Amino acid sequence: MNIELVGLTEENLNECLRLKVAEEQTQYIASNEDSWKTAQENREVARPFLICRDRKAVGFAMFAFDEDYEDPGDRYWLWRFMIDERFQGKGIGTAALREIIRYFREHGADHIRLSTKETNAAALSLYRRAGFCETGEMNGGEIVLALRLQPRLFTGPVQGGRPKQL
Ligand SMILES: CC(C)(COP(=O)(O)OP(=O)(O)OC[C@H]1O[C@@H](n2cnc3c(N)ncnc32)[C@H](O)[C@@H]1OP(=O)(O)O)[C@@H](O)C(=O)NCCC(=O)NCCS
């Protein structure tokens, strides 16, 4: 399964607006239409993406990136994350979260924060399995979780072809 994050624009917006969660999950996430409006109102920090599996739109994610925010521990948020109900329970959420974490790391983030309701068992299980831990804080009735990211290990070619003998 190939999972990609594709930047959301006016061109692919309709694909995103067709994606919906199940009725009982609407308590956990805004509609994609509302999230797009929020993205437009917060252009400096909002980064909205379609989640595509094998080039087909199956979900939506939006990040808040505010590298200049005064509190360095509060700069990077996974703001919205959903998989359309038709595609849930197939491991796509898990694979997409892996790509999301990779994106944050590759764009210089040293942590990711998010919040969700305590009753959101599917999402919490997914986040905990990926290493997110509760911070003990609340965000408007939701519990806050955070993942600390390690700096990326150097994996490029070694100059001169061989590692130097120390
Ligand atoms: C959370 C969400 C993104 C997971 O997507 P997904 O594609 O179903 O994820 P996966 O198939 O990889 O499954 C992830 C976990 O959810 C569980 N799960 C999936 N669908 C489920 C369902 N209908 N009921 C209960 N658990 C479910 C899986 O068993 C798995 O649990 P595990 O980690 O213990 O194995 C999806 O359920 C969703 O969009 N929910 C509504 C929006 C939401 O709550 N977003 C998070 C807000 S912060």
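Q: Where is Arg55 found?

A: Arg55 is in the loop between β2 and β3. Strands (E, at least two residues) and helices (H or I, at least four) are DSSP runs, numbered from the N terminus. Residues are numbered from 1 along each chain as its sequence is written. This is a predicted model, where local features need pLDDT of at least 70, side-chain atom pairs count only at pLDDT 80 or more, and totals for chains, interfaces and linings use all residues.

Q: What is the phi of Arg55?

A: Most residues other than glycine have a negative phi. Arg55 has a positive one, near 70°. Asp54 is in the loop between β2 and β3 too. Its phi is also positive, about 45°, and Asp54 is not a glycine.

Q: Is Asp54 buried or exposed?

A: Count the other C-beta atoms, placed from the backbone, within 10 Å of a residue's own: 20 or more means buried, 12 or fewer exposed, and in between partly exposed. Asp54 is exposed, because it has 9. Arg55 is exposed as well, with 8. Across the protein, buried residues make up 25% of the 166 residues.

Q: How many helices and strands does the secondary structure have?

A: There are four helices and seven strands. Along the sequence they follow the pattern β-α-α-β-β-β-α-β-α-β-β. The C-alpha atoms fill a box of roughly 60 × 40 × 30 Å, taken along the principal axes.

Q: Which residues of the largest nonpolar core touch the most other members?

A: A nonpolar core is a set of buried Ala, Val, Leu, Ile, Met, Phe, Trp, Tyr and Cys residues joined through C-beta atoms within 7 Å. Here the largest one has 32 residues, and Ile51, Phe60, Ala61, Phe63, Trp77, Leu78 and Ala96 touch the most other members. Elements that each supply at least two residues include β2 (46-53), β3 (56-65), α3 (92-106) and β7 (142-148). The largest share, seven residues, comes from β4.

Q: Which residues does Leu78 touch?

A: Two residues are in contact if their C-beta atoms, placed from the backbone, lie within 7 Å. Leave aside residues up to four places away in sequence, and Leu78 touches Phe63, Ile100, Ile112 and Leu114. Leu78 sits in strand β4. It is buried, because 23 other C-beta atoms lie within 10 Å. Ala96, with neighbours within four places left aside, is in contact with Ile3, Ile51, Gly59, Ala61 and Ile83.

Q: Which residues of helix α2 are buried?

A: In α2 (residues 32-41), Asn32, Ser35 and Trp36 are buried. Seen down the axis, they fall within an arc of 100°, so they line one face of the helix. That arc is taken from the directions from the helix axis to the C-beta atoms. The face turned away from the buried side carries the exposed Glu33, Asp34, Lys37, Gln40 and Glu41. Cover for the buried residues includes α1 (13-17), β2, β3 and β4.

Q: How many residues surround the ligand?

A: A residue is near a molecule if its C-beta atom, placed from the backbone, lies within 6 Å of it. The ligand is surrounded by 22 residues, and the closest are Tyr28, Gln88, Gly93, Thr94 and Ala122. The elements β4, α3, β5 and α4 each supply at least two residues of this shell. The largest share, five residues, comes from α4.
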